[in-house]
Amino acid sequence: MKKITAIIKPHKLEEVRAALSEIDIKGMTVCEVKGFGRQKGHIELYRGTEYAVEFVVKTKIEIVVDEQRLDNVIDAIIEAAKTNKIGDGKIFVSSVDQVVRIRTGEQGPDAI
């Protein structure tokens, strides 16, 4: 099993969710995060004064899938989240050793 962590622009969340639903992804965890990469923040104008915003607001999505579905999920996220502009985000993939569904005690791929 693999855990996909995608950091995307917040306004792309609904498009990513819809794309993942189309390929039968039934669950994900979503949270708002702040950070920076090559963008290194940006300047905002508020009431005529410029402010440096060092941490950019992003959305983090986490999904656990079987390895057979990994490439399809990554492709769906890229297609839905891409704007071809700086700050589109990143996708990280890591291994998951075990999954347990608390309610039923199911383990492994059955628990996803």
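Colleagues, a word on conventions. Because the model is predicted, local features need pLDDT of at least 70 and side-chain atom pairs count only at pLDDT 80 or more, whereas totals for chains, interfaces and linings use all residues. Residues are numbered from 1 along each chain as its sequence is written, and side-chain values use heavy atoms, with hydrogens and water left out. Helices (H or I, at least four residues) and strands (E, at least two) are DSSP runs, numbered from the N terminus.

I begin with the interior. In soluble globular proteins, nonpolar side chains tend to be buried together. A nonpolar core here is a set of buried Ala, Val, Leu, Ile, Met, Phe, Trp, Tyr and Cys residues joined through side-chain atoms within 4.5 Å. Buried means under 20% relative accessible area, exposed over 50%, and partly exposed in between, with a 1.4 Å probe and protein chains only. The largest such core has 17 residues, of which Ile4, Val16, Leu20, Ile63, Val65, Val73 and Ile77 touch the most other members. At least two residues come from each of β1 (2-8), α1 (13-22), β5 (56-65) and α2 (70-81). The greatest contribution is that of α2, with seven residues. As for Val73, setting aside residues up to four places away in sequence, this residue touches Ile4, Leu20, Ile23, Ile25, Ile63 and Val65, where contact means heavy atoms within 4.5 Å.

I turn to charged side chains. Side chains of opposite charge can pair when their charged atoms come close. The criterion for a salt bridge is a side-chain nitrogen of Lys or Arg within 4 Å of a carboxyl oxygen of Asp or Glu. Over the whole structure, seven salt bridges are found.

One of them joins Asp88 and Lys9, with the closest N and O atoms 3.7 Å apart. Which parts of the chain does this pair link? Asp88 lies in the loop between α2 and β6 (89-95), and Lys9 in the loop between β1 and α1, 79 residues apart. Asp88 is buried at 18% relative accessible area, and Lys9 is also buried, at 15%.

Another salt bridge brings together Glu15 and Lys12, at 3.0 Å from N to O. Is Lys12 buried or exposed? Its relative accessible area is 9%, so Lys12 counts as buried, while Glu15 is partly exposed at 40%. Lys12 sits in the loop between β1 and α1. Apart from neighbours within four places in sequence, Lys12 is in contact with Ala80, Ala81, Lys82 and Thr83.

Lys60 and Glu62 form a further salt bridge, at 3.8 Å from N to O. Both count as partly exposed, Lys60 at 22% relative accessibility and Glu62 at 23%. A network of salt bridges links Lys3, Lys60 and Glu62.

Finally, the aromatic rings. Rings of Phe, Tyr and Trp (its six-membered ring) pair if their centres lie within 6.5 Å; planes under 30 degrees apart count as stacked, over 60 as edge-to-face and the rest as tilted. The structure holds one such pair. Phe36 and Phe55 form it, with 5.7 Å centre to centre and 55° between the planes, a tilted arrangement. Phe36 lies in the loop between β2 (29-35) and β3 (42-46), and Phe55 in the loop between β4 (49-53) and β5, so the pair ties together parts 19 residues apart in sequence. Phe36 is exposed at 53% relative accessible area, and Phe55 is partly exposed at 47%.
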